[in-house]
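Let's walk through this structure together, one contact at a time. Keep the viewer open and turn the model as you read.

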Amino acid sequence: MSAANLWVLLGLGLAGIFLASRRRKKGIKEDFGAFIERIQLLPPPQPSPPKAPHPLTGLTFAIKELFDIEGYVTGFGNPDWRRTHEPAVRTAPVVTFVVQGGATCVGRTVMDEMAYSLYGENKHYGTPTNPAAPSRIPGGSSSGSAVAVAAELVDFALGTDTGASVRVPAAFCGILGFRPSHGVVSTIGVVPMAQSFDTVGLFARDPNILRHVGHILLQLPFMEYRQPRRIIIADDCFQVTDIPNDRTVNVVTRSTEKFLGRQVLNHISLGKYLATKVPSLKYFQNEEESRNGEGGVSALKALSSALILLQRYEFKMNHEEWINSVKPDFGPGISTRVRAALETNNENIGHCLKARDETREAINGLLKDDAILIIPTTPGPAPKLNMKENLLDDFGVRAFTLLSISGMSGCCQVSIPVGQHDKCPLAVSMMARHGGDRFLLDTVRAMYPTLQEEVKIASSTQPTTTINGKMEAADIAKEKGNAAYKDKQWQRAINFYSEAIKLNGKNATYYSNRAAAYLELGSFAQAEEDCSVAIGLDKKNVKAYLRRGTAREMLGYYKEAIEDFQYALVLEPTNKAANLAANRLRKLFE
C-alpha cells in the first residue's frame, strides 16, 4: 500500500471517528436516551375569565412506561411484555389528573425491566445517560423519567417507587424525588410490581413544581403551611454512608438552625428505636449482631430483609403465570432477581406483613403530626457504569437498610439534592408520617432555599483542620475501630474505620482493618475491594493479601485467592495461615 493511500485511509478513519463522536454527542444532547417513545397528551382549553387558568399551565412532563395510556401498549420495560399485551382502553387516572391540571405530556420513558432494579440499566432499550454524572448509572427503575427531568427535557416526570425507584434515580441524577404515602395516590392503570409498596412518584428540579404537581396527585384541598416543630436526624443512618458529615448532616443542621431555630433539632438512633418498637423484626434479625451490641444495625437490616421477601412474594403472585408461559428474555441482573422471586414461598410472609404494620405505627408514633425525619437517601454517590455485579449487589444491600424505612412504614419521603462529592450528586431525604404528604411537600419548598445556601457554603469552604490534625484524628478513629472489632461489634468497627479513611485515605492499614470487619459480616465483595486499595497503597501489606485471599475464596475466585496467599508467603515465608490456605485451595485443582 502506498503512503498516499495510507494517509487517505487514516484520514477517512479519523473523519469517521469524528462524525461518530458528533452523532453520539448529538444523541445525548437530544434526549440522553431517556425516551422510549414520543407521544403528546394535550391539556383541555383554558377556562374563560375570570376563572383562574389551569394550575400546571405551560409545564411539560414525561411518564414511565408502566402507566396506561389509551390506545398505547404499556411496555413495562420489556419487548416481550409489549408483544403479548393489548393497547390500554383507558388512561391511568394520575396521568389524567396532571393533563387536566394543564400540563402537556411529551413522551414515555425508559425503565428497568418489570421495574425490578435500582440501577437504571435496560438490556433492550439501553441505559439512559445520567446528565449529572455521565460515567455513573442513572438509578432505576424510573431511570428515563429522572434523566428527562435532570436534562431539562421536561419540567417534571411521573415514575413509580416500590423499593426505591423514584428516590434512588433522583439522588443519583441530582434532582428532587417524591415518594408519597402508600395508598394515597391512585395506582389504577399502573402495572403492579408489589402492591404492599407500590406508589406513584414524582420528579422535579424546582420545589415549587414538585409541590404544585404533588398537590394535584394527592387531590387534597388547600391548607395553610405549618412549620415543623421537630427535625429529627437519624445519626445511625448517616453512619451507613460513605459521605463526610460536613456535606450532609452539617448542611441540614445549619439550614435548620437558620430557618427554624436550634431548639427544633433532635437526634435519634433509628435502628435501636425500631428494635424496641417492631417486635416482628426478630424473625429477620441476625442474632450474633444483636448479641454484639449492634441491635440497631441489625434492626435496619432486618427491616430490609422483610421488605425484600414480601416484595419478591407479591411480584411472584402478580407475574409468575406470564413469565412461565411467555419465557421472556431478561437482562442478567433482572433475570437473577426474577428467578429469586419465583423461588419464594409464603413462609414468613405473615411476619413480613406484621412487621410492615408495626413499622408504620412506630414511625407514625415517632413523627406524629409535627416532625420531619432526616436520613440519607442512599449510602453514597451513584456507582460507576459497568461495575461488577457483586459490587453493585453489595451497594444494594447497604442501600436497602435506608430505603426500606419508608417502604415498610408507608410514610412519605422526598429526596433532596445537596451538592456534589467527587463530582457526583449527593442527596438527603426528608420523611413525614403516613398521610403527612402536604406537610412534607410544603416543608421541602420552604426549607429548600436555605438548604441550598448551606450547600454552596459547604462546597466552597476549605476544611480548617490541618493535615497533622486530620492524621491524628484518623488514628484515634482507627483505635476506636480496633476496640470495637475486639468486642466483636463489626458494624461499629466499620464505621470507625470509615471515619479514619475519610480523614486520611492514604493509609493502607485503615482499609485492611475495615476489610477484616467486612469479612466478619460476610460482605466479601467489599472486603476484596478494600484489600485491593490497601495493596495499592502498600505492596508489602501481608494482612491485606491474606484478607483479600479469604474474600476471593468465599466469592469463588479460587485461583486468584491462591495467588494472594502465595504472595503473602513470599513476603512472610513462615506465615502459617497463608501456608494452610494455599495448600487447602491447591487440593481443589489436583
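Gly505 sits in the loop that runs between helix H17 (490-503) and helix H18 (508-521). Helices (H or I, at least four residues) and strands (E, at least two) are DSSP runs, numbered from the N terminus. From Gly505 to Ile308, 197 residues apart along the chain, the C-alpha atoms are separated by 34 Å.

Before going further, a word on how to read the values. This is a predicted model, in which local features need pLDDT of at least 70 and side-chain atom pairs count only at pLDDT 80 or more, while totals for chains, interfaces and linings use all residues. Residues are numbered from 1 along each chain as its sequence is written, and side-chain values use heavy atoms, with hydrogens and water left out.

Now for the rings. The structure holds seven aromatic pairs. Rings of Phe, Tyr and Trp (its six-membered ring) pair if their centres lie within 6.5 Å; planes under 30 degrees apart count as stacked, over 60 as edge-to-face and the rest as tilted. One of these pairs is Phe61 with Phe156: the ring centres are 5.1 Å apart and the planes are at 5°, so this pair is stacked. Because Phe61 belongs to strand S2 (residues 60-64) and Phe156 to strand S4 (residues 156-160), the pair ties together parts that are 95 residues apart in sequence. Both Phe61 and Phe156 are buried. Tyr485 and Trp490 meet in another way: their ring centres are 5.0 Å apart with planes at 65°, so the pair is edge-to-face. Tyr485 counts as partly exposed at 27% relative accessibility, whereas Trp490 is buried, with a relative accessible area of 6%. Ring pairs also link Phe76, Trp81 and Trp322 into a cluster.

Rings can have charged neighbours too. Arg38 lies over the face of Phe35, at 3.9 Å from the ring centre, and Arg226 lies over the face of Phe439, at 4.4 Å from the ring centre. For such a contact, NZ of Lys or CZ of Arg must be within 6 Å of the ring centre and within 35 degrees of the ring normal.

Turn next to the charged pairs. Side chains of opposite charge can pair when their charged atoms come close. There are 21 salt bridges in the structure, each a side-chain nitrogen of Lys or Arg within 4 Å of a carboxyl oxygen of Asp or Glu. Arg83 bridges to Asp80, with the closest N and O atoms 3.1 Å apart. Both residues lie in helix H2 (residues 79-83), three residues apart, about one turn of the helix. An α-helix has 3.6 residues a turn, so residues three or four places apart point the same way. Arg83 is exposed, with a relative accessible area of 56%, while Asp80 counts as buried at 14%.

Other salt bridges join separate elements. Arg398 pairs with Asp242, the closest N and O atoms being 3.1 Å apart. Arg398 is in helix H14 (residues 389-409) and Asp242 in the loop between helix H7 (235-238) and helix H8 (249-259), so the pair ties together parts that are 156 residues apart in sequence. Arg398 counts as buried at 15% relative accessibility, and Asp242 is partly exposed at 34%.

Arg552 forms a salt bridge with Glu528, where the closest N and O atoms are 2.9 Å apart. With Arg552 in helix H20 (residues 542-555) and Glu528 in helix H19 (residues 524-537), the pair ties together parts that are 24 residues apart in sequence. Arg552 and Glu528 are both buried. They belong to a network of salt bridges that links Glu528, Arg548, Arg552 and Asp564.

Finally, look at Lys559 in helix H21 (residues 558-571). Lys559 is exposed, with a relative accessible area of 57%. Its C-alpha atom and that of Glu321, 238 residues apart along the chain, are separated by 42 Å.

How values were computed:
Buried means under 20% relative accessible area, exposed over 50%, partly exposed in between (1.4 Å probe, protein chains only).
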